[in-house]
Amino acid sequence: MSDAVTAWSMTLEWVAIVGIAAVLSAGMIILLRPLLARYALARPNARSSHKIPTPQGGGVAVLGATLVVTAAIVFVVPGYGRGTIVEFGWVAAASIVLAALGAFDDIHPLDALPRLAVQVLTVAVIVAALPADLQAAPLLPWWIERLALVLAGVWFVNLVNFMDGIDWMTVAEVVPVTAGLALLALYDALPPLAMAIALALLGAMIGFAPFNRPVARLFLGDVGSLPIGLLLCWLLLQLAVRGHLTAALLLPLYYVADTTIVLVRRTIRGEPITQAHRSHFYQVATERGFSVLDVVYRVFAVNTVLVALAVATLARPSLFIDIGALVIGGTLVAWLLTAFARGTTR
């Protein structure tokens with residue numbers, strides 16, 4: 001009976017965290033939308049997917065709700081020590097700095113170099129906040145791994161930004177991934193702070209989703225996609241350094257595959273990799289017969305399967321399960337990318 005009561009209590013806590021973050025995010029959007037419509041309007045261009053000027057900057061509400069709800073948990077709920085509070089402070093500060101960069105870039109586009117410099121700094125901060133005694137790849141020297149994590153983190157922050165190119169795409173990624181991270185926390189794969197951030201970000205994205213539903217009335221903007229990428233990166237690093245590298249690779253596999261393949265192709269063709277474009281698989285799909293909803297529903301479905309595979313690697317830990325999950329996940333993502341590239345004959 002006590003186990004059932006504990007499980008019920010935890011379920012209620014999770015629902016409360018997600019619900020409060022969702023309501024707070026939606027409420028902030030309602031309050032901010034007139035201001036965003038006036039000062040942060042995204043106008044259509046040759047590389048955009050929308051047809052009419054649309055406000056951007058919804059990420060302010062998503063990040064704000066995530067950090068406020070997490071802060072309330074950290075400072076109010078017993079059991080969070082000084083070390084956790086300090087770590088949250090660094091992660092929150094890095095996210096806010098990156099959001100400020102995104103906000104400025106949304107209104108006054110920046111050159112690639114200053115954007116990259118701030119991204120490297122903020123990713124270095126969250127990597128430095130990781131437990132010093134934990135490694136994702138123990139066979140590597142500590143400093144080489146940390147440098148590799150910074151480089152991978154900068155790439156991840158950018159790929160989340162690159163993939164935020166059609167309505168609901170980031171929702172279709174962040175909602176299943178954060179829900180999956182919360183589930184993995186049940187297997188002690190994540191510390192309490194990471195679980196709190198995952199649940200708060202899940203709720204905040206759910207609160208944003210109705211406003212971004214195709215045809216969107218509001219975009220995240222770089223002010224949202226960049227810090228969301230940073231928070232997801234920190235969460236996945238928390239998973240990886242605790243010995244769950246396979247799960248950390250599976251959860252964002254579609255995003256990583258789409259963006260990395262496109263980057264390699266553009267590099268081979270000699271195309272400028274910092275220039276905006278519409279050659280991602282999901283963008284090609286919308287030009288070859290798929291509707292926006294066709295694309296995001298498929299991405300959401302594939303991400304849900306990737307979450308199940310990640311959970312399986314913790315529920316039944318073994319090298320065989322890890323390899324099998326990666327093979328199945330990789331095959332599924334390859335199938336989706338191929339389907340997007342071929343388009344539909346409808």
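The legends below describe close-up views of a predicted model.

**View 1. A salt-bridge network joins Asp105, Arg115 and Asp222.**
The side chains of Asp105 and Arg115 meet in a salt bridge, with N and O at 2.2 Å. Asp105 belongs to helix α3 and Arg115 to helix α4, so this pair ties together parts that are ten residues apart in sequence. Arg115 also forms a salt bridge with Asp222, where the closest N and O atoms are 3.2 Å apart. Asp222 lies in helix α8, so the pair it makes with Arg115 ties together parts that are 107 residues apart in sequence. Asp105 counts as buried because its relative accessibility is 10%, under the 20% limit. The relative accessibility of Arg115 is 10%, and Arg115 and Asp222 are both buried. The count of salt bridges in the model comes to four.

**View 2. Glu145 and Arg146 form a salt bridge.**
The closest N and O atoms of Glu145 and Arg146 are 3.0 Å apart. Glu145 is buried, at 3% relative accessibility. Arg146 is buried as well, with a relative accessible area of 5%.

**View 3. Six residues make a nonpolar surface patch.**
The patch covers about 640 Å² and consists of Leu140, Trp142, Trp143, Ile144, Leu147 and Leu151. Leu147 sits in helix α5, which spans residues 142-163.

Helices α5, α8 (222-241), α9 (245-250) and α10 (253-268) each supply at least two residues of the lining. Helix α5 gives the largest share of the lining of this second largest pocket, with eight residues.

**View 4. The side chain of Asp294 reaches the backbone nitrogen of Ser291.**
The distance of this contact between Asp294 and Ser291 is 3.0 Å. Asp294 lies in helix α12, which covers residues 292-315. Asp294 has a relative accessible area of 16% and is therefore buried, the limit being 20%.

**View 5. His108 lies in the loop between α3 and α4.**
Helix α3 covers residues 82-107, and helix α4 covers residues 112-128. His108 is partly exposed, with a relative accessible area of 47%. Trp90 is 18 residues from His108 along the chain, and the C-alpha atoms of the two are separated by 27 Å.

**View 6. The peptide bond from Pro214 to Val215 is cis.**
The omega angle of this bond between Pro214 and Val215 is near -5°. Val215 is placed in the loop between α7 (192-212) and α8.

**View 7. Trp168 has a positive phi although it is not a glycine.**
The phi angle of Trp168 is about 70°. Trp168 is found in the loop between α5 and α6, the latter helix covering residues 169-185. With a relative accessible area of 18%, Trp168 is buried, because the value is under 20%.

**View 8. Asp188 has a positive phi although it is not a glycine.**
Phi is about 60° at Asp188. The place of Asp188 is in the loop between α6 and α7. Asp188 counts as exposed because its relative accessibility of 69% is over 50%.

Methods:
Residues are numbered from 1 along each chain as its sequence is written. This is a predicted model: local features need pLDDT of at least 70, side-chain atom pairs count only at pLDDT 80 or more; totals for chains, interfaces and linings use all residues. Side-chain values use heavy atoms; hydrogens and water are left out. Patches are made of residues with over 30% relative accessible area and no salt bridge: like charges are joined within 9 Å, nonpolar side chains (Val, Leu, Ile, Met, Phe, Trp, Tyr) within 5 Å. Accessible areas come from the Shrake-Rupley method with a 1.4 Å probe; for residues, only the protein chains shown count as cover. Helices (H or I, at least four residues) and strands (E, at least two) are DSSP runs, numbered from the N terminus. Buried means under 20% relative accessible area, exposed over 50%, partly exposed in between (1.4 Å probe, protein chains only). A polar contact is a pair of N or O atoms within 3.5 Å; within protein, one must be able to donate a hydrogen and the other to accept it, and residues adjacent in sequence count only if both atoms are side-chain atoms.
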